[in-house]
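Please look over the sequence and the model shown below before reading on.

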Amino acid sequence: MELNYLAIVVSAVVPLLIGAIWYNPSVLGTAWMKASGMTEEKMKSGNIAVIFGVTLVLSFMLAFTVNGMVIHQVGATQLAYSNQDAESFKAFMAEFGNMHRSYGHGALHGAIGAIFFVLPVLGINALFERKGWKYILINVGYWVITLAIMGAILCGWK
């Protein structure tokens with residue numbers, strides 16, 4: 001399957017946009033700062049260009065990963081080409097190629113990915129860092145929404 005590079009670019013910007021809203025002091029930023037032990041002084045001490053630049057690079061990596069997670073035809077492509085059975089693959093894609101290619105389906109799988117991957121990873125780290133459940137839920141909530149939106153864009157944008 002061909003990658004939709006424009007959808008990947010747009011979805012890679014989603015973590016920055018959702019983060020600007022989610023972690024805004026008027027939304028959950030103040031609660032997150034308290035739960036994480038972050039201070040205004042610490043916030044101002046980082047190199048913002050490096051932070052946003054690296055975040056964007058990591059978001060592109062994430063977009064490529066989410067793409068494979070929400071578009072099931074990627075697995076069919078891999079199966080067909082591993083068996084070198086192009087004709088069966090073409091027949092399969094002609095009949096089923098666009099099944100489950102919707103914004104809703106992508107959002108569902110993005111959210112599932114966040115719940116079953118991000119929650120355990122962040123939860124384990126937070127527990128060992130002695131962070132509370134409020135910290136875990138704020139961060140995981142951000143990733144559920146972010147990955148749902150990324151999945152919707154990647155799966156639904158044909």
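## Basis of the report

This is a predicted model, in which local features need pLDDT of at least 70 and side-chain atom pairs count only at pLDDT 80 or more, while totals for chains, interfaces and linings use all residues. Residues are numbered from 1 along each chain as its sequence is written, and side-chain values use heavy atoms, with hydrogens and water left out.

## Overall make-up

The protein has eight helices and zero strands, where helices (H or I, at least four residues) and strands (E, at least two) are DSSP runs numbered from the N terminus. Read along the sequence, the pattern is therefore α-α-α-α-α-α-α-α. Taken along the principal axes, the C-alpha atoms fill a box of roughly 60 × 30 × 25 Å.

Of the 158 residues, 34% count as buried, a term that means under 20% relative accessible area, with exposed meaning over 50% and partly exposed in between (1.4 Å probe, protein chains only). Among the contacts with a separation of 6 or more, 82% come from residues 24 or more positions apart, contact meaning heavy atoms within 4.5 Å.

## Helix α2 against helix α8

Two packed helices are described by the angle between their axes and the distance between the axes. Helix α2 (residues 25-36) and helix α8 (residues 133-156) have axes that come within 9 Å and cross at roughly 135°; here axes are lines fitted to C-alpha atoms, for helices over the stretch in contact, and angles run from 0 to 180 degrees between N-to-C directions. That angle makes α2 oblique to α8, since angles under 35 degrees count as roughly parallel, over 145 as roughly antiparallel, 65 to 115 as roughly perpendicular and the rest as oblique. The crossing of α2 and α8 is left-handed, which is said when the near helix is turned anticlockwise from the far one by less than a right angle, whereas clockwise gives right-handed.

On the α2 side, Leu28, Ala31, Trp32, Ala35 and Ser36 meet Lys134, Tyr135, Ile138 and Asn139 of α8. By class, this contact of α2 with α8 has six nonpolar, two polar and one charged residues, where Ala, Val, Leu, Ile, Met, Phe, Trp, Tyr, Cys and Pro count as nonpolar, Asp, Glu, Lys and Arg as charged, and the others, Gly among them, as polar.

## Helix α4 against helix α8

Helix α4 (residues 48-70) also has an axis that comes within 9 Å of that of α8, and the two cross at roughly 65°. Helices α4 and α8 are therefore roughly perpendicular to each other, and their crossing is right-handed.

In this contact, Ser59, Leu62, Ala63, Val66, Asn67 and Val70 in α4 meet Trp143, Leu147, Met150, Gly151, Leu154 and Cys155 in α8. Sorted by class, the contact of α4 with α8 has nine nonpolar, three polar and no charged residues.

## An aromatic cluster

Tyr23, Trp32, Tyr142 and Trp143 form one aromatic cluster. Rings of Phe, Tyr and Trp (its six-membered ring) pair if their centres lie within 6.5 Å, and planes under 30 degrees apart count as stacked, over 60 as edge-to-face and the rest as tilted. By this rule the count comes to three aromatic pairs. The rings of Tyr23 and Trp32 have centres 5.4 Å apart and planes at 70°, so this pair is edge-to-face.

Tyr23 and Tyr142 form a tilted pair, with 5.2 Å from centre to centre and 55° between the planes. Because Tyr23 lies in the loop between α1 (5-22) and α2 and Tyr142 lies in helix α8, the pair ties together parts that are 119 residues apart in sequence. Tyr23 is partly exposed at 23% relative accessible area, whereas Trp32 is buried at 16% and Tyr142 is buried at 6%.

## Single residues

Leu3 lies in the segment before α1 and is partly exposed, at 35% relative accessibility. Not counting residues up to four places away in sequence, Leu3 touches Ile8, Phe64 and Asn67. Asn67, in helix α4, is buried at 7% relative accessibility, and with the neighbours up to four places away again left out, Asn67 touches Leu3 and Leu154.

Most residues other than glycine have a negative phi. Arg130 has a positive phi of about 65° although it is not a glycine; Arg130 lies in the loop between α7 (103-128) and α8 and is exposed, at 68% relative accessibility.
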